[in-house]
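Please look through the points below with the sequence and structure open.

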Amino acid sequence: MRFHRPHRRRTGAAAAALLALAAAACTDRANPVAPTPPGPQPGTPGAPINVQALQCTGDRAALKVTCAPATPQGGGSADIIVGNQSVYVQVSSSNVAYNSGTGQFTFNVTVQNLIPQPMGTIDGTTLDPAGVRIFFSSGPSVTGGTGVVSVVPDGFGTFTAAGQAYYQYNQVLPQNTTSSPKTWTLIMPPTVNTFDFVLFVNAPVEYPNGYISLDGQLPDYVFGNLHPSSTHPLTAVSRSAVGNPVAGTTITFGTTNGGCATVDGSGVVTGVQFATCSINASDGTRAGSMVFNVTGTTRNWTGTTSTNWNVGTNWGGGLVPVSADSVTVPFPLASGNFPVLTSAVTISDVTVADQATLNVATFVLTSTGNVGTGSTVGSGILAGVGGSVTLSGSATKTIHGRFPSVLVTGTYALNGNYFGVAPETVDSGSLETDGYEMDINAQ
């Protein structure tokens, strides 16, 4: 058996609107139906959308049902695109049977979601109490023979009219997911030869009025890692609730944090600094977003303005390093200004070139990465009274060069000679020499 279903546009955030999808009745054979767009009507949260239906004819003796397009029932609606069976949903039947003693005409029915957004949920993951429902818009009505056909449903509800019988599937159905089979039961006497009825698939969706896909993804997709200064051009498309492109829209872009990532008018995203942020898109009716994780990077010291570590113009790229960044202090420097801390700092890798210096002054420089400096006397990491270095890498990291007092709380190994000033303390960590020279002098 095959069915059929519709589509609508999004005018706001997630809402408990229902996406009504036209469906063919149960049959063991496919009956594709050409799409017929209904007329206009805005999507209303909490209300079904009326779309084209399929008129289905059942044959009790032959144990089959065949379907053809029916005239749309109820008011038409704007921005709804109607497709055929196997485009928006696939409803299939199996094990069709009739028991002349009980009058039960039974068959198992499954529904498969073919649209991009999940059905049966208003947040994309949590099952809505209404689940996914297939309801009888009209019928069953006897068209051959005599008698009455009635439905033994899961319940009755108001969809396109009051008191309509429905079967409910209590599952969230992501795209291409098929529900578990449910047994449908119709009651009819053996004097009924043929009958017909009209069905709709009715389901809550997260974006009942449509959305903007970014790179083909539903809103809130996580892009992954974007490096600072790297770019990513977004492909943004306005889409109906069932994922069809909506022509004639103008999409504008924005960012939730310009210090994390920026975006230009054509949707090109540029990473700025380590953070997580969203790039948003809107066409005035629909919206979309993509989450970007901007990674740490290596910031090179220039000293263009002063010796102050916390001044952005002293760093390449104009940004003070954050904890996920690594830093490099080169030699020689055109400015001659080597960095001096003006506050405690946590950073990843630290590289100080031979004959260059990094002065922690009276503060603590905490490194979670590898630390290396030159070995020439007068170079390396310097400190005033109370200044020190803490090594806190959680995985095995390396260290070599010249240092003030050092506290080791992580796992480190020498990968070169080490020249330090007492006290050198290992507390809840480890420091392996691995055959390199370790020279500790008094302050």
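1. In the largest nonpolar core, which has 32 residues, Met-119, Phe-136, Trp-184 and Leu-186 touch the most other members. A nonpolar core here is a set of buried Ala, Val, Leu, Ile, Met, Phe, Trp, Tyr and Cys residues joined through side-chain atoms within 4.5 Å. Buried means under 20% relative accessible area, exposed over 50%, and partly exposed in between (1.4 Å probe, protein chains only).

2. Two or more residues of this core come from each of β4 (89-99), β5 (104-113), β6 (132-145), β9 (164-169), β10 (182-187) and β11 (192-204). The largest contribution is that of β11, with six residues. Helices (H or I, at least four residues) and strands (E, at least two) are DSSP runs numbered from the N terminus.

3. The model is predicted: local features need pLDDT of at least 70, side-chain atom pairs count only at pLDDT 80 or more, and totals for chains, interfaces and linings use all residues. Residues are numbered from 1 along each chain as its sequence is written, and side-chain values use heavy atoms, with hydrogens and water left out.

4. β11 is largely enclosed by the rest of the structure, because eleven of its 13 residues are buried. β11 pairs with β6 in the antiparallel sense over nine bridges; strands pair if DSSP finds at least two bridges between them. Phe-195 in β11 is the bridge partner of Val-142.

5. Leaving aside residues up to four places away in sequence, Ser-278 touches Gly-254, Thr-255, Thr-256, Met-290 and Val-291, where contact means heavy atoms within 4.5 Å.
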